[in-house]
Amino acid sequence: MSNESIYGQGIVSGKVSGPAFFVESSSASLKGRQLSQSEISLELKRFMSAIERAIDELMRFAVLLDVEGRIDELQLVESHVELLKDPFGLQKLVLEGISEKKKSVEAALKWSLAHLKKKFRFVQDRLLSERFSDIEDVIQRVLEQLKPLSEKESSLVPKGAILVADQISFSQALLVSNSVAAFVAFHGSAFSHTAILARARSIPYVVQIDPRQIKQGHNPTLFVDGEAGLILVNPTATRLKKAFAVQKAVREQAFELKDDSLHIMANIEHPADIQAAKDEGIQEIGLLRTEYLFSHQATESEQVKALSQCNPTGFFRIIVRALDMSMEKFPHLYRGKRGLQFLLHDPAFLRVHFGAICKAFPQGCSILLPFVSDAEEFHRAQMIFKDVRAEFQAPFQLGAMIETPKAVLEIEEIVQLADFISIGSSDLIQYALGIDRATTRLSACGALHPGVLELIKVVLSVTQKMCKPCILCGELAADEAVVPIFVRLGLRNISIPPKRTKEVRALLKRIHDEINREKLLQLREKTREEQTLFVRARS
């Protein structure tokens, strides 16, 4: 099969080519046998040991992701740890399968999966139905722990290969995400953990492609177009050159914002992100995260040193978010308080923290207070900030991050006090809809909920009325499903990871073109009406 075109559904855009690497589906691994009475206790120990090793492996991943500041991926890993702790009764079912039905661990896992699948079959809510995919992924992870080490190592994908499978679990995707070129699968969705990871790592991802359509016997070379959902099998050199030439032409014609009302700003988690932002031509930092640079125990000089590494030339606006410590990010340190509440719990530290930011940015900057709950809370921090700012000549601003429905209820009072507003979209959806933090992979779905849309609309409306800047942060700021809605609601500033700049610029161009077409149609309609009135007046 040479130069064959196969179309599926594009999940994550991007174009790459490389050798196909086929992975056995999880269902094919669910093999087992009946146990004798004497083997039951050993099999129970084998299962619990596999659970412990799976949790340990995930926790090691979590530490690595925490150090690297990859928050979305960290939350996904933590959600799998919670699933292994048995909120859906998986462990109970497996133990029953081993003890009472005398099944091996593998057979008990298969039986338990089938039992849970029946329960989820009638679930209409997408939030819950997606959880079943997570359960399948967790089962696959446990199965991996039951395999011999050599078999596990053989499943690793070579660097630059394209992973092809019936379904790609988050566990598999996370394991190979630093080496794989693209993901191709039959099952999958834009709201899955794997999709979130692929977007975060800019890995092209196409679903609804049956691996059987791609010949496995001859190690085919694939070309993957994640935007078009196109797979080319063994493309000729001419076809491959043409496919990449189209990509290059599109990239060279990348949209540059001419309209000053639409600003793309950069999220910065580490000093290395600054050069990435510069390379993309971004001149404003909309969210500099400080919690990954130092802890609440850092001295003023330590904070100044860390922050100074993130004070580059060439940016005409920098927004530094004050230390955002939370139980979700640092469960071993903090209980109950987060964001501004945590900072106000220790006013002496907050004063030192404000001073460190001002010293690290002698030219001036904007400081964003995280997780503001109400106006009174913001005012208390503002009084401390004013005392500290009096010692410096440069201009400094103080803004509020809106992340809860309670803050939206007091948005007018907060906006009156603040110099600017940022919307923390992920937390706002979580608290508005009562969604567990682990399900933020469905943030686009949540943002389209009428209640969430109304909350964001209120914030945009109030900031417009009071002439205060408003910035959308979080994953939604780069989501093509919701950004057009927010732009029409008045959104004019978004802050995104630098690596997503090209796709967001292309998205904004499409929005800009669509709005211009609508305006032209309205103008034509108005002209027709005026012409009709003119003719009637003359007749």
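Q: What does buried mean in terms of relative accessible area?
A: A residue counts as buried when its relative accessible area is under 20%. In this structure, which is a predicted model, Phe396 has a relative accessibility of 5% and therefore counts as buried. Of the 539 residues of the chain, 51% fall into the buried class.

Q: How many helices and strands does the chain have, and what percentage of its contacts between residues at least 6 apart in sequence join residues at least 24 apart?
A: The secondary structure consists of 22 helices and 16 strands. When contacts between residues at least 6 apart in sequence are considered, 69% of them join residues at least 24 apart.

Q: Is Phe371 buried or exposed, and what is the class of Tyr431?
A: Phe371 has 7% relative accessibility and so counts as buried, while Tyr431, at 34%, counts as partly exposed.

Q: What is the geometry of the rings of Phe392 and Phe396?
A: The centres of these two rings, Phe392 and Phe396, lie 6.2 Å apart with the planes at 70°, so this pair is edge-to-face. As for Phe396, its 5% relative accessibility is the value that makes it count as buried.

Q: At what angle do helices H18 and H20 pack, and how far apart are their axes?
A: A packing of two helices is read from the angle between their axes and the separation of those axes, and then from the residues that make the contact. Helix H18 (residues 425–433) packs with helix H20 (residues 450–465) at an angle of about 130°, and their axes are 10 Å apart. That angle makes H18 oblique to H20, and H18 passes H20 in a right-handed crossing. From H18 the contact draws on Leu428, Ile429, Ala432 and Leu433, and from H20 on Val452, Leu455 and Ile456. By class, the residues of this contact of H18 with H20 are 7 nonpolar, with no polar and no charged ones.

Q: Which residues make the contact of H14 with H15, and how do they divide by class?
A: Helix H14 (residues 347–360) and H15 pack at about 45°, with axes 9 Å apart, and they are therefore oblique to each other. Their crossing is right-handed. H14 contributes Pro347, Leu350, Arg351, Phe354 and Gly355, and H15 contributes Ala381, Ile384, Phe385, Asp387 and Val388. The contact of H14 with H15 has 7 nonpolar, 1 polar and 2 charged residues.

Q: At what angle do H12 and H14 pack?
A: Helix H12 (residues 300–308) and H14 pack at an angle of about 40°, with their axes 8 Å apart, and H12 and H14 are therefore oblique to each other. The crossing of H12 and H14 is right-handed. Among the residues making the contact are Val304 and Leu307 of H12 and Val352 and Ile357 of H14. The contact of H12 with H14 divides into 7 nonpolar, 4 polar and 2 charged residues.

Q: Which residues is Gly97 in contact with, leaving aside its neighbours within four places in sequence?
A: Gly97, which lies in helix H4 (residues 90–99), is in contact with Lys102, Lys103, Ala108 and Trp111 once its neighbours within four places in sequence are left aside. At 0% relative accessibility, Gly97 counts as buried. Gly97 and Leu109 are 12 residues apart in sequence, and their C-alpha atoms are 8.0 Å apart in space.

Q: Where is Lys102 found, and what is its phi?
A: Lys102 is found in the loop between H4 and helix H5 (105–120). Its phi is near 55°, a positive value in a residue other than glycine. With a relative accessible area of 33%, Lys102 is partly exposed.

How values were computed:
Residues numbered from 1 in each chain as written. Predicted model: local features only at pLDDT ≥ 70, side-chain atom pairs only at ≥ 80, totals over all residues. Heavy atoms only, no water. Axes fitted to C-alpha atoms, helices over the stretch in contact; angles between N-to-C directions. Helix = DSSP H or I, 4+ residues; strand = E, 2+ residues; numbered from the N terminus. Parallel < 35°, antiparallel > 145°, perpendicular 65-115°, else oblique. Left-handed = near helix turned anticlockwise from the far one by under 90°. Contact = heavy atoms within 4.5 Å. Nonpolar A, V, L, I, M, F, W, Y, C, P; charged D, E, K, R; others polar. Buried < 20%, exposed > 50% of the residue type's maximum accessible area, 1.4 Å probe, protein only. Phe/Tyr/Trp six-rings, centres within 6.5 Å; stacked < 30°, edge-to-face > 60°.
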